[in-house]
Amino acid sequence: FWIGFGGFVLCCALSLLPLPGSRPDWWIQATSLGIELPDTRSPQPLRSLETLLWWLLVPAALLWLLAQEPGGGGRRALAVLTVGLASLSALVWWGNLQGWRNPLIPEAHCFSLFPNRNQTSLLLAMGGNLAWGYVLAGLRSHSRRLTFAGLAGCTAALLAVTSLPSRAALLLFVAGLLLQTLLRVRTQRGSFKLALPLLLLAGGAALFYGQHIYHRLAAGAAQPEHVEGRLAIYHDTLRMIGDAPLLGAGAGNFEFVFPQYRDASRTYMSVLHPENDWLWLAAEAGLPAAAFAAFCIAALFAGQWKPARVRSAPQTAAGVAVLIFLLHGLVDVPAHRLGTSLAAVLLFAVWRDRRPLRFPPLGSAGVRLAGVAMLAVGAVWLASAWSPSLHSRSAAGAALLPGASPADLDCARAWSPLAWQLQFRDGVLAAQADDVAVARAAFRRADLWRSARAKP
């Protein structure tokens, strides 16, 4: 594990250094148009450093959890998380039923916990599988209270997921319920007779109440433009990876660099990510970093596969929820979202063998270092609310306000020199000052780097 983790961090950090080597064509074209880029391998090193710190936050939380001594804290945390997700499921279902919108996320088109409804669906699907684990535990212990409580949580999650048109989350939700039930067959033969009808009822309800998802699946089979569009993004992302296979384009740079590789996927819509966690990681950090990350995950799972009878039903449910999270990463980007990633980290720590993970390179200081890293990133995140210059998106937002000062523009440009919005803003300001030559050059740069480039 430590070899893989160290290799991953090293590969990501190398893009922050001024290493020799040839530059891609888009880099040369950008500098010829007057965009000032640094000597580092990443065209936006400050943004890459910020993204790398966010990437390391999740492993820091995982290592901190795995270093804890065994005890009942994991069971309590699992129960609290299950109840919390069940409550959120009921809120999301009722909010969509009433047509509400989350005031904290105005850009969402439905009542959601994240700007992207797919991440909300995945998180609630994981919560529904946790609740199903308590159903199986209640059936085994003949506890009606536990059985009905778990069934209520699972039903709330099912209603919430079907109210959000996410096909992958619904399919993984039902598949997770089936997998849990099959894993408990040999240990709960009597309970299986009751669990199987409940599972069939859940699947039928998913098809009945999720008719809009069923229609999307049928339409995708008959007219697979959406699938072809996703495959086109995959194709262009592979071209981007092939141009920088060792170090990638730099962490946090996909949405800025990918427009230069759009051919098959060129439409009027912008692309912020390639709809796949692994492709996104390889495009930004390189193939070696993706390989090291896969090695870390394999090392964490090594030796943890045990018969279902060794773990309790809720523990098995936690493992199935982590599996759902990993499978969803093949068609979306849950590992790049802090909320779903931290939930998966907590569930993995509960599912894994409770022997504490040791820190051979650092000793006991490793746990403290992981905790300090989490506190530091959290402090910077909170401080960015008062000082936009500490966060790339906050700096860009401040620079695009009508009354933005030249200092705000310079700060945002230091974070994201490839942001076409900032180039367009420079053109507007130059046009207002009647500087036609500067305005024309700025608009040319904005046109080159804007995210949405339609086919001619």
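Here is a walk through this predicted model, from its confidence scores to its core and its salt bridges. Residues are numbered from 1 along each chain as its sequence is written, and side-chain values use heavy atoms, with hydrogens and water left out. Because this is a predicted model, local features need pLDDT of at least 70 and side-chain atom pairs count only at pLDDT 80 or more, while totals for chains, interfaces and linings use all residues.

Let's start with pLDDT, the predictor's confidence in each residue, from 0 to 100. The protein averages 81, and 80% of the residues score at least 70. Confidence is highest in helix 12, at 95, and lowest in helix 9 (residues 211–222), at a mean of 49. Helices here are DSSP runs (H or I, at least four residues), numbered from the N terminus.

Now for the inside. A nonpolar core is a set of buried Ala, Val, Leu, Ile, Met, Phe, Trp, Tyr and Cys residues joined through side-chain atoms within 4.5 Å; buried means under 20% relative accessible area, exposed over 50%, and partly exposed in between, using a 1.4 Å probe and protein chains only. The largest core has 43 residues, and Trp55, Met240 and Leu418 touch the most other members. Helix 12 (residues 277–285) gives the largest share of this core, six residues. Apart from it lies another core, of 32 residues, including Ala61 and Leu85.

Helix 17 (residues 392–399) has Ser392, Ala395, Ala398 and Ala399 as its buried residues. Looking down the helix axis, these residues fall within an arc of 130° (taken from the directions from the axis to the C-beta atoms), so they line one face. Why might that happen? An α-helix has 3.6 residues a turn, so residues three or four places apart point the same way. Helix 3 (45–66), helix 18 (406–415) and helix 19 (420–432) are among what covers them.

Next come the salt bridges, each a side-chain nitrogen of Lys or Arg within 4 Å of a carboxyl oxygen of Asp or Glu. The whole structure has four. One of them pairs Arg47 with Glu255, with the closest N and O atoms 3.8 Å apart. That pair links distant parts of the chain, since Arg47 sits in helix 3 and Glu255 in helix 11 (residues 254–257), 208 residues apart. Arg47 is buried, at 7% relative accessible area, and Glu255 is buried too, at 16%.

Asp426 and Arg413 form another salt bridge, their closest N and O atoms 2.7 Å apart. Asp426 lies in helix 19 and Arg413 in helix 18, so this pair ties together parts 13 residues apart in sequence.

Key. Helix = DSSP H or I, 4+ residues; strand = E, 2+ residues; numbered from the N terminus. Contact = heavy atoms within 4.5 Å.
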